[in-house]
Amino acid sequence: MSTSTTGVQEDAAAGPRPHPLDNPVRAALTGPHAHLAERRGDILRYPTDVSPFLGLPETPAARDWADIAALVGPGGLFSYSAVEAPPPAGWELVMRGTGVQMTGEDVAALPDEEAIRLTPADVPEMLALVALTEPGPFLPRTIELGGYLGIRRAGRLVAMAGERLHPPGWTEISAVCTHPGHRGQGLAARLVLAVAAGVRARGETPFLHAAASNTNAIRLYERLGFRLRRTTMFQAARVPGDGAG
């Protein structure tokens with residue numbers, strides 16, 4: 001089960017309420033990313049060329065899975081996190097993996113003079129770098145989720161990092177990757193701190209996710225000042241139907 005070290009927030013009128021990071025996809029899609037949300041019933045998702053993640057309620061009911069099927073379509077593949085409920089019988093569980101969620105209240109955020117702001121014109125290079133390094137989902141319109149920074153060498157994009165989920169008061173740092181030929185130079189660390197500086201400038205707090213098995217990345221983030229908040233689960237499933245292929 002996921003564990004949280006911060007518990008719940010208190011609301012004098014409504015009583016205890018979940019922390020935004022307990023279900024960050026849903027918190028983002030009902031908050032700062034609401035303009036991107038596609039909805040059916042109680043299920044929300046990003047456009048399919050922005051992110052594969054759906055925002056599910058904490059305990060999905062049968063009607064919620066029916067709404068997922070209608071929203072995603074027969075054979076459709078989707079991802080979800082934080083909510084550990086398995087898909088219904090007959091659905092294909094494509095991936096299930098444990099991750100860590102880390103928060104950066106104590107990170108010494110620092111702008112970087114070499115980091116440049118990436119634009120939609122840079123997306124082909126960004127997609128190529130992601131395909132080479134596999135930091136996690138990055139799609140043609142993922143850049144719309146927030147600001148992305150990169151470092152070029154000899155005109156070539158060799159490292160990048162940017163903003164993904166945006167629950168109220170928090171921004172996730174994601175797509176942290178470096179070309180294999182330029183690793184060991186501290187580029188990823190510099191970009192994480194630079195992205196964090198932009199997050200802090202808005203009065204928000206950076207956070208991030210990593211696969212629990214990615215110990216090298218976790219050690220790097222710990223050195224930068226990120227601290228474990230909770231473990232979480234990432235899952236991908238496919239809706240039954242003729243659209244699979």
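**Close-up views of the largest pocket and a helix pair**

**View A. Strand 11 and the lining of the largest pocket.** In this predicted model, strand 11 contributes seven residues to the lining of the largest pocket, which is the largest share. The elements that each give two or more residues to this lining are strand 6 (77-81), strand 7 (92-103), strand 11 (170-178), helix 4 (187-201), strand 12 (205-211), helix 5 (215-224) and strand 13 (227-238).

**View B. The space and the centre of the largest pocket.** The largest pocket holds about 1,100 Å³ of space, and of the 43 residues that line it, Glu134, Pro135, Gly136, Val176 and Asn214 lie nearest its centre. Sorted by residue class, the lining of the largest pocket comprises 22 nonpolar, 16 polar and five charged residues.

**View C. The packing of helix 4 against helix 5.** The axes of helix 4 and helix 5 lie 11 Å apart, and the two helices pack at an angle of about 50°, which means that helix 4 is oblique to helix 5. Their crossing is right-handed, and the contact is formed by Ala188, Ala189, Val192 and Leu193 from helix 4 together with Leu220, Tyr221 and Leu224 from helix 5. By class, the residues of this contact between helix 4 and helix 5 comprise seven nonpolar, no polar and no charged.

Technical notes
Residues numbered from 1 in each chain as written. Predicted model: local features only at pLDDT ≥ 70, side-chain atom pairs only at ≥ 80, totals over all residues. Heavy atoms only, no water. 1 Å grid on protein atoms, 1.4 Å probe; cavity = no way out; pocket = protein on both sides within 12 Å on 5 of 7 lines; lining within 4 Å. Points joined across faces, edges and corners; volume = space filled by probe spheres on them. Helix = DSSP H or I, 4+ residues; strand = E, 2+ residues; numbered from the N terminus. Nonpolar A, V, L, I, M, F, W, Y, C, P; charged D, E, K, R; others polar. Axes fitted to C-alpha atoms, helices over the stretch in contact; angles between N-to-C directions. Parallel < 35°, antiparallel > 145°, perpendicular 65-115°, else oblique. Left-handed = near helix turned anticlockwise from the far one by under 90°. Contact = heavy atoms within 4.5 Å.
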